[in-house]
Amino acid sequence: MNKKLMLNNAQLLDLVRNELSEGGSVKIKARGNSMRPLIQGNRDELVLCKPNEDSFKKGSIVLARLQEEHMVAHRIAVTDGNTLVLRGDGNIAARETVKPKDVVAEVIAVVRGRKMIRKGSLCWNKYRYLWPSNPLLRRVLLKLFAGKQD
């Protein structure tokens, strides 16, 4: 049975942690556009699983707690084992620094309508490997993408 709940971020984090600790997966609605073009807020859903060793590699998308009631689902841009630098695909320069203990879950799929984009798929890897890290090129492509979505 699919349940739909409206929760604040603190409640959502507790629920996600509890579900994942039992070995399950959780699907949540994406909010915000910091991961455009792969993830569109208020349209796509994120499938989350409990993080493991492979979750902390460059290019993985993780759900991390930044502050008591603030969390983001962003891609790992840099890791040294003790620190993760996160960056949204739709962000030009903004980054967040977290510790692995701040990671609540790994995003393993994006659900868009009836389509599921799974981690490791061709579409997923297109954004993981080909989405530009150059801020100028990123800015241009984001403007083009925004024009298509409006």
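This note walks through a predicted model, point by point.

1. **The main core.** Start inside. The largest nonpolar core holds 25 residues. Val 16, Leu 46 and Leu 48 have the most contacts within that core. As a general point, nonpolar side chains in soluble globular proteins tend to be buried together.

2. **Val 16 as an entry point.** Which residues does Val 16 touch, leaving aside those up to four places away in sequence? They are Val 26, Ile 28, Leu 48, Val 104 and Ala 105. Leu 48 is also one of the residues with the most contacts in the largest core.

3. **Strand 3 and its partners.** Strand 3 is mostly covered, with five of its seven residues buried. Strand 3 runs antiparallel to strand 4, and six bridges join the two. Ile 61 stands opposite Arg 75 of strand 4. Strand 3 also runs antiparallel to strand 7, with three bridges between them. There, Leu 63 has Ala 105 as its bridge partner. Ala 105 is also one of the residues that Val 16 touches. In general, side chains of a regular strand alternate between the two faces of the sheet.

4. **Strand 4, enclosed.** Why is strand 4 described as largely enclosed by the rest of the structure? Because seven of its ten residues are buried. Strand 4 also pairs with strand 5 (residues 84-87), in the antiparallel sense and over four bridges. Thr 79 faces Leu 84 of strand 5 in this pairing. The hairpin of strand 4 and strand 5 has four residues between the strands. Gly 81 takes a positive phi near 95 degrees in that hairpin.

5. **The loop between strand 1 and strand 2.** Check the backbone here. Most residues other than glycine have a negative phi, and most peptide bonds are trans. Pro 37 is found in this loop. The peptide bond from Arg 36 to Pro 37 is cis, with omega near 10 degrees. Asn 42 lies in the loop between strand 1 and strand 2 as well. Asn 42 is not a glycine, yet its phi is positive, at about 60 degrees. Is Asn 42 buried or exposed? Asn 42 is exposed: its relative accessible area is 60%.

6. **Salt bridges around Asp 44.** The model has six salt bridges. One joins the side chains of Arg 43 and Asp 44, at 2.9 Å from N to O. Arg 43 is partly exposed, with a relative accessible area of 33%. Asp 44 is buried, at 0%. Both residues belong to a network of salt bridges that also links Arg 112.

7. **Lys 101 and Asp 102.** The side chains of Lys 101 and Asp 102 also meet in a salt bridge, at 3.3 Å from N to O. Lys 101 is exposed, with a relative accessible area of 66%. Asp 102 has 18% and is buried, because the cut-off for buried is under 20%.

8. **Glu 106 and Lys 119.** This salt bridge is 2.4 Å from N to O. Glu 106 lies in strand 7, and Lys 119 lies in the loop between strand 8 (115-118) and helix 2, so the pair ties together parts that are 13 residues apart in sequence. Glu 106 counts as buried, at 2% relative accessibility. Lys 119 counts as partly exposed, at 32%.

9. Which residues make the nonpolar surface patch of about 300 Å²? Leu 136, Val 140 and Leu 144 do. Val 140 lies in helix 3 (residues 135-149). Val 140 counts as partly exposed, with 42% relative accessibility.

Note on methods. Residues numbered from 1 in each chain as written. Predicted model: local features only at pLDDT ≥ 70, side-chain atom pairs only at ≥ 80, totals over all residues. Heavy atoms only, no water. Core = buried A, V, L, I, M, F, W, Y, C linked by side-chain atoms within 4.5 Å. Buried < 20%, exposed > 50% of the residue type's maximum accessible area, 1.4 Å probe, protein only. Contact = heavy atoms within 4.5 Å. Patch = residues over 30% accessible without salt bridge, like charges linked within 9 Å, V, L, I, M, F, W, Y side chains within 5 Å. Areas by Shrake-Rupley, 256 points an atom, 1.4 Å probe, with all protein chains shown as cover. Salt bridge = Lys/Arg side-chain N within 4 Å of Asp/Glu carboxyl O. Pairing = 2+ DSSP bridges.
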